[in-house]
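Have the viewer open and follow along.

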Amino acid sequence: MSRRDNLAAMSHYVLSHLRALEAEAVHIMREVAAQRERPVLLFSGGKDSLVLLRLAEKAFRPGGFPFPVMHVDTGHNFPETIAFRDHVMDALGERLVVAHVQDSLDAGRVVEETGPRASRNRLQTVTLLDAIAEHGFDAAFGGARRDEERSRAKERVVSHRDEFGQWDPRQQRPELWSLYNARVGRGEHVRVFPLSNWTELDVWQYLAAEAMPVPSLYFAHEREVFRRDGMLYAVGEHMRPSLEGEEPFRAKVRFRTIGDMSCTGAIESSAQTIADVIAETAATRVTERGATRADDRVSEAAMEDRKREGYF
């Protein structure tokens with residue numbers, strides 16, 4: 001093929017939808033890594049942050065990541081998630097920093113909630129901000145997507161946080177022509193969301209395209225659950241039926257998110273492969289957080305309120 005033919009072929013080369021999203025995310029990670037001195041990648045062990053790890057490999061291999069990976073552990077995570085997190089990090093060979101909510105409780109930085117609906121989910125904001133300050137991180141990559149929830153829909157890809165870790169939606173920076181401003185002042189940092197333009201379906205299709213393993217919690221399995229406020233909760237050490245009318249029963253379920261056990265619900269499902277999950281996700285009309293996250297049901301602006309405090 002002549003040089004002219006090669007140029008003609010290149011002029012007609014079109015990226016697939018997934019590869020265009022991948023290219024955009026890799027560009028974002030490289031741009032921010034070049035601008036900031038001490039970034040960190042937030043990793044929960046879930047599907048979105050798994051995609052982030054793969055994107056980081058594509059952005060920075062064959063070298064090591066120019067940042068550590070950090071998990072904020074509430075102490076009430078699913079045991080399967082913690083085991084999978086450690087397995088992934090061992091295979092990846094990158095440095096993992098774990099910030100424990102229990103340490104914040106022991107230090108008197110936060111107070112344990114009480115009552116049947118108590119959760120440590122909101123407490124992790126303080127743990128996260130303390131860890132960012134302790135390590136001097138000035139940028140934190142996260143796996144949030146705009147299709148998850150309305151406040152995430154209006155947050156920028158590079159989101160400025162003040163010296164208290166707070167987000168002000170009225171003070172967001174413009175992002176034109178794929179130009180990202182990660183400049184910060186003393187004590188400030190940015191949260192960076194390379195998956196902002198992805199949907200839940202995109203994430204699953206990418207996991208399938210990359211043949212990536214995911215935690216078993218995402219696939220249908222039989223386990224003991226109970227129903228509360230219209231959601232199915234897994235029975236475990238930190239979550240048990242305690243209100244009138246709540247009875248444990250066995251059901252075939254899977255999880256669309258795998259956050260803290262005290263606020264994460266399951267859905268009844270028979271999806272046992274990624275292909276099954278993709279088909280189920282394509283057919284659903286309820287967002288994953290709307291279907292399975294009790295912390296987003298506290299009020300109409302629950303997520304935005306938490307983000308203003310410094311949440312992911």
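This is a predicted model: local features need pLDDT of at least 70, side-chain atom pairs count only at pLDDT 80 or more; totals for chains, interfaces and linings use all residues.

The buried residues of helix H8 (residues 200–209) are Glu200, Asp202, Val203, Trp204, Tyr206 and Leu207. Buried here means under 20% relative accessible area, with exposed being over 50% and partly exposed in between, using a 1.4 Å probe and protein chains only. Helices (H or I, at least four residues) and strands (E, at least two) are DSSP runs, numbered from the N terminus.

Residues are numbered from 1 along each chain as its sequence is written, and side-chain values use heavy atoms, with hydrogens and water left out.

Now look at what packs against H8. Helix H3 (residues 47–60) meets H8 at an angle of about 55°, and their axes are 10 Å apart. That makes H3 oblique to H8. Axes are lines fitted to C-alpha atoms, for helices over the stretch in contact, and angles run from 0 to 180 degrees between N-to-C directions. As for the labels, under 35 degrees counts as roughly parallel, over 145 as roughly antiparallel, 65 to 115 as roughly perpendicular, and the rest as oblique. H3 passes H8 in a left-handed crossing, a term used if the near helix is turned anticlockwise from the far one by less than a right angle; clockwise gives right-handed. On the H3 side the contact (heavy atoms within 4.5 Å) involves Lys47, Asp48, Val51, Arg54, Leu55 and Lys58, and H8 brings Glu200, Val203, Trp204, Tyr206 and Leu207. By type, that's six nonpolar, no polar and five charged. Ala, Val, Leu, Ile, Met, Phe, Trp, Tyr, Cys and Pro count as nonpolar, Asp, Glu, Lys and Arg as charged, and the others, Gly among them, as polar.

Helix H9 (residues 274–283) also packs on H8, at about 165° with the axes 10 Å apart. H8 and H9 are therefore roughly antiparallel to each other. Here H8 supplies Glu200, Leu201, Trp204, Gln205, Leu207 and Ala208, against Ile274, Val277, Ile278, Thr281 and Ala282 of H9. This contact divides into eight nonpolar, two polar and one charged.

Back on H3, what sits on helix H2 (residues 17–35)? The axes of H2 and H3 come within 9 Å and cross at roughly 70°. The two are therefore roughly perpendicular to each other, and their crossing is right-handed. Arg19, Glu22, Ala25, Val26, Met29, Arg30 and Ala33 in H2 meet Leu52, Leu55, Ala56, Lys58, Ala59 and Phe60 in H3.

Which residues have the most contacts inside the largest nonpolar core? They are Leu41, Leu55 and Trp198, in a core of 59 residues. A nonpolar core is a set of buried Ala, Val, Leu, Ile, Met, Phe, Trp, Tyr and Cys residues joined through side-chain atoms within 4.5 Å. Apart from that core lies another, of 15 residues, including Val72 and Leu105.

Finally, some backbone details. A cis peptide bond joins Arg61 and Pro62, with omega about 15°, and Pro62 is in the loop between H3 and strand S2 (69–73). Ser178 has a positive phi, near 60°, and counts as partly exposed at 44% relative accessibility.
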